[in-house]
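Please open the model in a viewer and keep the selection tool at hand.

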Amino acid sequence: MEIGLIGLGKMGFNMAARLRQGGHTVVGFDFNAEAVNQLTAAGSVGVHSLDDLVKNLKAPRAIWIMVPSGDPVDQTIAKLEPFMQKGDTFIDGGNSNYKDSQRRHAQLTAKGFNFVDVGTSGGVWGLKEGYSMMVGGDAEPVERLRPIFETLAPAADKGWGHVGPSGAGHFVKMVHNGIEYGLMEAYAEGFSIMKHKEPLHLDLTQIARIWQYGSVVRSWLLDLTADALEKNPQLEGLEAYVADSGEGRWTVFEAIDLNVSAPVITESLIRRLRSREENNFSDRMLSIMRNEFGGHAVKKST
């Protein structure tokens, strides 16, 4: 099967490789000319314009977009749309807000196109392990794309599924990422507690390896944590700065709108925000209040 691919970052490049391994033809475009050349050298068809991308695909076309969420997706669709024909399918495989996906579906289907939203997880490991895909959209284009999903997934019948109508794919991926925030925060706090119990001289790498087998907290995330600790047990050279893709925030907003209590996910998001604050103002406020009411010592900066 032929598939167009826009966005040749690490994940997009690996997806192209997995599709080639599955016998599919990949035609790829990126605004970075060197990325296009690398894709061609790897065995796919690299093109340097959206017009050429469409010309190299037979109708009905399917083009997978892997660009940052928000305006970049809208701009890409707007630039691509004049070259597309009715019956062609736009696929958004990035971390878009599900409400944007619903809007794009409504706009594009009104013009005779198809739109499928695919929440995609797997990151840099997807080439080897396969990608987990949560697919939203109309049944017909999703079924037509089945060979693509079956190839990208860990197995043809595992790790992917049509989870609902337009927006459902990105909604489920949003919640997936919110859960991921909570899991990461729990592991981080647990290992921090053990790190600070200095009299026991705990080997965190050893403990992570022990937990990988038979433990109820074993997971792929723990496997990656164990590997990371083995490479850098003291986390040297790292700053306590954690970014977020936005999906954790959206998950919290949805929980509030739905009157669902989600304290773990919410707190894990707040912890990420706090990690970016140098000389945290809230903590300094706490310190000065303790000094005012109780005369407690204040540690001053040098």
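Two residues are in contact when heavy atoms of theirs lie within 4.5 Å of each other. With that cut-off in mind, select helix H12 (247-257). Its buried residues pack against helix H5 (98-109), H9 and helix H13 (263-275). The buried residues of H12 are Glu247, Gly248, Trp250, Thr251, Val252, Glu254 and Ala255. Just after H12, asparagine 259 has a positive phi of about 60°. The coordinates are those of a predicted model.

**The whole chain**

The chain contains 14 helices and eight strands. Its C-alpha trace spans about 75 × 40 × 35 Å along the principal axes. The chain has 302 residues, of which 41% count as buried. Among contacts between residues at least 6 apart in sequence, 65% join residues at least 24 apart.

Next, select leucine 222, which lies in helix H11. Is leucine 222 buried or exposed? Because its relative accessibility is 0%, leucine 222 counts as buried. Residues up to four places away in sequence aside, leucine 222 touches Tyr187, Phe191, Ala208, Trp211, Gln212 and Val217.

**The aromatic pairs**

Hide the previous selection and show the aromatic side chains. The chain has seven aromatic pairs. In one of these, phenylalanine 149 and tryptophan 160 form a tilted pair, with 5.2 Å from centre to centre and 35° between the planes. Which parts of the chain does this pair tie together? Phenylalanine 149 belongs to helix H8 (residues 146-152) and tryptophan 160 to strand E8 (residues 160-164), so the pair ties together parts that are eleven residues apart in sequence. Both phenylalanine 149 and tryptophan 160 are buried.

For another ring, select tyrosine 181 together with arginine 272. The charged end of arginine 272 sits over the ring of tyrosine 181, at 3.7 Å from the ring centre.

**The cavity**

Keep Trp64 selected, as this residue is also part of the lining of the largest cavity. The model has one cavity of 30 Å³ or more, and about 40 Å³ of space lies in the largest cavity. To display its lining, select Ile3, Gly4, Leu5, Met15, Leu19, Val26, Trp64 and Leu152. Strand E1 (2-6) and helix H1 (10-21) are the elements that give two or more residues to this lining. E1 gives the most, with three residues. By class, the lining has seven nonpolar residues, one polar residue and no charged residues.

**The second largest pocket**

What kinds of residue make up the lining of the second largest pocket? Select Asn279, Asp283, Arg284, Ser287, Ile288, Val298, Lys299, Lys300 and Ser301, which line this pocket. They divide into two nonpolar, three polar and four charged residues. The space in the second largest pocket is about 160 Å³.

**Backbone features in the loops**

The remaining stops concern the backbone. Select alanine 59 and proline 60, which are joined by a cis peptide bond with omega of about -5°. Proline 60 is placed in the loop between helix H3 (50-55) and strand E4 (62-65).

Move on to histidine 201, in the loop between helix H9 (168-196) and helix H10 (204-211). Histidine 201 is a residue other than glycine with a positive phi, near 50°. The relative accessible area of histidine 201 is 68%, and the residue is exposed.

Finally, select leucine 235, in the loop between helix H11 (220-231) and helix H12 (247-257). Leucine 235 also has a positive phi, near 55°, in a residue other than glycine. With a relative accessible area of 48%, leucine 235 is partly exposed.

Key
Residues are numbered from 1 along each chain as its sequence is written. This is a predicted model: local features need pLDDT of at least 70, side-chain atom pairs count only at pLDDT 80 or more; totals for chains, interfaces and linings use all residues. Side-chain values use heavy atoms; hydrogens and water are left out. On a 1 Å grid over the protein atoms alone, a cavity is a set of points where a 1.4 Å probe fits but cannot get out, and a pocket is an open set with protein on both sides within 12 Å along at least five of seven lines; lining residues have an atom within 4 Å of a point. Grid points are joined across faces, edges and corners, and a volume is the space filled by probe spheres set on the points. Ala, Val, Leu, Ile, Met, Phe, Trp, Tyr, Cys and Pro count as nonpolar, Asp, Glu, Lys and Arg as charged, and the others, Gly among them, as polar. Rings of Phe, Tyr and Trp (its six-membered ring) pair if their centres lie within 6.5 Å; planes under 30 degrees apart count as stacked, over 60 as edge-to-face and the rest as tilted. Helices (H or I, at least four residues) and strands (E, at least two) are DSSP runs, numbered from the N terminus. Buried means under 20% relative accessible area, exposed over 50%, partly exposed in between (1.4 Å probe, protein chains only). A charge sits over a ring if NZ of Lys or CZ of Arg is within 6 Å of the ring centre and within 35 degrees of the ring normal.
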